[in-house]
Amino acid sequence: QHSASELILVEDEMTDTEDNEEEDLGVMDDQRSVILHLISQLKLGMDLTRVVLPTFILEKRSLLEMYANFMAHPDLFLSIAAGATPEDRIICFVEYYLTAFHEGRKGAVAKKPYNPIIGETFHCSWDVPKDKVKAFRTNGASMVSKDPTKEFGQDQSTCYKLRFVAEQVSHHPPVSCFYCECKEKKMCVNAHVWTKSKFMGMSIGVSMVGEGVLYLMEHEEEYVFTLPSAYARSILTIPWVELGGKVNINCARTGYSATVTFHTKPFYGGKVHRVTAEVKHNPTNTIVCKAQGEWNGTLEFTYSNGETKVIDTNKLPVIRKKIRPIAKQGPLESRRLWQHVTNSLKEGNIDAATEHKHRLEERQRAEERQRLALTTPWKPKYFAKEGDGWLYLNPLWKT
């Protein structure tokens, strides 16, 4: 089973053509009655982990793939390592972090990605043009490609390679792990996330329990970070997603930390999708950078020297991920595993989608019963449990 991990050929990967755009329709009348019936059986604060939700709210991709979409701006991610000072690097991390969420949330309507089944994996990579990756606070001139005739990412020697793997390592609780690395930039990130959802009346709250660590090997720095909660609001009319809560980014070695606060919309008035952030040098208790704006709109950064910078997340160039065609994927890789559900949803055939999804879930239950009977715990392929967390088996810092 483990040798299968060697067969993932990057040469087979092709630029992803899925747009994953979701039609922004509200809830249909017949669907509303299904949701009402479901709501009538729920209690406030109830854990939804084991509740089967209707298929029509599904999003045509697995949660594992949604985590890959946090990397839609890999040039900003790789630029973190290019920062000249610890201060520059943590500010770059915050800039990347604040722009990471809008691409993962396609379409205004709240839909739910597939719950990955245990053992499910997702692989992809990005080719990032080297001239897009630059040190912090340089002028914007290098944003323009030198040679317009060259298509981005065609010439491998002018690109950095960023690889991503995610795996569902546990079913109860539902824990997903992901690992992403760029060998040339000597940087990688390792994360484990346990999604906990609960019923809150007219909305559903999903908290992301766990943390990630960004390793910058050249600087011997580790940045520990957490993820915000997500809320699906107005689930009976036109459901929409908002992020909420305070997250922390911390580098023990340099003494820099950041807090990012995702503000949920107040009941009356107020703006939606607001986010504020503050970067601090703890030993001297100095705030070196502040940011505010919308995580899916415009963000404004103010630095301690009085300079400001504006990032419009909607104008940032998206570098598409590369993924192997379904025919070349293993049976437990997300797109191949869920392909029949996805195709049925695309055709609008909810019954067929439900049937295919039910089959996958039944198979998972049967395999779980078998493991219990044989008392053989599940052994993930790419990650191993370490303390409270999970670590990729072959991370850059080991090689």
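**Cysteines**

The count of disulfides comes to zero, where a disulfide is a pair of cysteine sulfur atoms within 2.5 Å. The model is predicted, so local features need pLDDT of at least 70 and side-chain atom pairs count only at pLDDT 80 or more, while totals for chains, interfaces and linings use all residues. Residues are numbered from 1 along each chain as its sequence is written, and side-chain values use heavy atoms, with hydrogens and water left out.

Select C180 and C124. The sulfur of C180 has its closest cysteine sulfur in C124, at 7.4 Å, which is too far for a bond. C180 is buried, with a relative accessible area of 0%; buried means under 20% relative accessible area, exposed over 50%, and partly exposed in between (1.4 Å probe, protein chains only). Then select C159, which also counts as buried, at 5% relative accessibility.

**Strand β4**

Select residues 121–129, which form strand β4. Helices (H or I, at least four residues) and strands (E, at least two) are DSSP runs, numbered from the N terminus. Nine of the nine residues of β4 are buried, so the strand is largely enclosed by the rest of the structure. From β4, T121, H123, S125, D127 and P129 point one way, and F122, C124, W126 and V128 point the other way.

**Cavities**

How many cavities of 30 Å³ or more does the structure hold? There are two. On a 1 Å grid over the protein atoms alone, a cavity is a set of points where a 1.4 Å probe fits but cannot get out, and lining residues have an atom within 4 Å of a point. Grid points are joined across faces, edges and corners, and a volume is the space filled by probe spheres set on the points.

The largest cavity holds about 140 Å³ of space. Select F70, M71, Y96, F178 and F225, the closest to its centre of the 14 residues in its lining. Helix α4 (residues 86–99) gives the most to this lining, three residues. By class, the lining has 14 nonpolar, no polar and no charged residues (Ala, Val, Leu, Ile, Met, Phe, Trp, Tyr, Cys and Pro count as nonpolar, Asp, Glu, Lys and Arg as charged, and the others, Gly among them, as polar).

The second largest cavity has a volume of about 50 Å³. Its lining includes F178, H192, E211 and F225. The largest share of that lining, five residues, comes from β8.

Terms used:
1 Å grid on protein atoms, 1.4 Å probe; cavity = no way out; pocket = protein on both sides within 12 Å on 5 of 7 lines; lining within 4 Å.
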